[in-house]
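Subject: Model for you to look at

Hi,

Here is the structure I promised. Please open it first, then read my notes below.

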Amino acid sequence: MNRPVRLGFVGCGSVMSGPYTRMARQLQGRGLVERVIACDVVAEKEKFVQDELGIPRFTTDYREVVESDDVDAVLVLTSMAEHGPIAKAALEAGKHVLVEKPMAITLDAAAELVSVAARSPGYLLCAPAVVLSPTYQEIWRHVQRSDIGPIHLARARYGWAGPWWGQWFYRSGGGPLFDLGVYNVASLTGLIGPAQRVTAMAGTAIPSRVVDGELIKVEVEDNFQITIDFGEARFGTVTTGFSMQSYRSPAIELYGGTGTIQMMGDDWAPAGYELWRNSVGAWQIHGDTDPHWQWTDGLRHLVECIQTGTPPIITPEHAYHTLEVMIKAIESARTGRTLTIESTFTPPTFDLGEDDRADAHLAHDPTS
Ligand SMILES: NC(=O)c1ccc[n+]([C@@H]2O[C@H](COP(=O)([O-])OP(=O)(O)OC[C@H]3O[C@@H](n4cnc5c(N)ncnc54)[C@H](O)[C@@H]3O)[C@@H](O)[C@H]2O)c1
């Protein structure tokens with residue numbers, strides 16, 4: 001494609017008006033996209049969308065976006081329950097689609113999306129885009145080069161106190177696992193490979209909250225501890241919840257036979273990584289190679305894929321697998337059973353590149 005990719009937005013809430021608008025404006029400044037139309041069921045958003053965000057057309061019916069001849073790619077940025085149906089309609093109309101996580105809230109709807117995407121001329125890119133971060137890819141290279149040996153154990157965490165907007169976050173089809181733990185599950189399965197079994201404990205730690213200025217009952221689990229079995233005695237845990245106030249722990253920890261890697265920051269906003277190798281006997285501290293990397297990078301990647309005619313690195317099969325792990329974690333917590341994961345996928349691969357260990361800053365561990 002030799003012209004800007006024409007974008008239609010569905011859902012004009014927090015992420016659309018902030019992070020995605022910033023990313024789209026950056027791409028627009030480089031002549032790569034045009035923002036054509038936006039949709040929200042709340043009609044009062046029209047003035048804001050046109051005057052503040054600078055998008056010329058507005059509708060309250062997503063079908064208008066999906067069916068517009070002058071739209072190449074649809075961004076589905078609504079509450080989660082609407083993701084599946086809107087993404088499916090857009091793919092059926094032949095559009096490229098970026099859908100926020102999770103791709104759908106049931107496995108049936110997600111399976112349908114995977115199959116529609118396989119037939120559609122449009123690409124389907126499902127958030128989260130964690131595998132696109134330079135830090136993730138550096139860690140992936142260390143794992144591939146066997147710098148820490150075979151991975152035996154892994155831990156991942158992402159949580160916060162929870163949104164004070166969007167009551168849907170606390171109702172069926174919402175919750176912190178779909179919203180936050182999804183990053184961790186995508187990261188761990190990307191780095192280690194497909195999960196085979198899952199077991200979890202979950203509960204509602206904070207049964208009522210003030211959201212959008214109203215006291216509401218929390219109808220879903222807001223607090224999770226999940227264990228994933230990757231086979232061959234390889235286990236990972238995911239700690240997530242709208243129940244965490246703050247932390248200074250690594251986002252991802254990988255424990256291998258000859259070393260350890262820790263991703264700092266969060267996996268959606270990494271702050272570099274730390275590498276321990278027995279052969280070096282010291283922690284190597286790597287700063288973030290691109291502190292400007294943003295979690296909305298999926299949009300930049302999708303635009304690049306459309307322009308070069310190359311399928312996205314993030315596959316619908318990975319998003320489906322991630323969803324299966326999450327849905328079965330919820331079921332496991334409710335039933336007390338360990339559940340088998342039936343789906344699989346091929347983790348994304350990257351150029352192995354040069355060995356960068358000479359650039360690392362060495363920090364000797366006083367305890368070793
Ligand atoms: N808020 C964050 O920090 C964040 C970060 C990353 C990803 N996400 C994901 O982005 C998505 C949106 O989150 P948010 O925080 O912006 O939520 P939000 O509640 O602020 O916005 C969602 C918007 O979608 C609109 N909407 C709902 N159904 C619609 C429909 N059928 N057609 C058109 N519009 C519709 C709502 O009116 C609302 O304006 C979620 O999937 C969330 O998990 C959020």
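**The ligand shell**

The shell around the ligand has 14 nonpolar, six polar and six charged residues. Here Ala, Val, Leu, Ile, Met, Phe, Trp, Tyr, Cys and Pro count as nonpolar, Asp, Glu, Lys and Arg as charged, and the others, Gly among them, as polar. This is a predicted model: local features need pLDDT of at least 70, side-chain atom pairs count only at pLDDT 80 or more, and totals for chains, interfaces and linings use all residues. Residues are numbered from 1 along each chain as its sequence is written, and side-chain values use heavy atoms, with hydrogens and water left out.

Which residues come nearest to the ligand? Of the 26 around it, they are Val15, Asp40, Lys45, Trp168 and Asp179. A residue counts as near if one of its heavy atoms lies within 4 Å of the molecule.

Three helices, α1 (14–29), α4 (83–92) and α7 (176–192), each supply at least two shell residues. Helices (H or I, at least four residues) and strands (E, at least two) are DSSP runs, numbered from the N terminus.

Domain 1 (5–126) and domain 2 (130–293 + 322–340) both give residues to the shell, so the ligand lies between them. The domain bounds come from an automatic or database domain assignment.

**Ligand contacts**

- Lys45: a side-chain N or O atom is 2.8 Å from a ligand oxygen.
- Lys101: a polar side-chain atom lies 2.9 Å from an oxygen atom of the ligand.
- Val41: a backbone N or O atom lies 3.4 Å from a ligand nitrogen.

The pairs listed are N or O atoms within 3.5 Å. Taken alone, the ligand exposes 830 Å², and the protein buries 85% of that (Shrake-Rupley method, 1.4 Å probe).

**Backbone**

Most residues other than glycine have a negative phi, and most peptide bonds are trans. The bond from Lys101 to Pro102 is cis, with omega near -10°. Pro102 is in the loop between β5 (96–99) and α5 (107–119). The bond from Ala127 to Pro128 is also cis, with omega near 5°. Glu232 is not a glycine, yet has a positive phi of about 55°.

Best wishes

Conventions: Polar contact = N/O pair within 3.5 Å; in protein donor to acceptor, adjacent residues only side chain to side chain.
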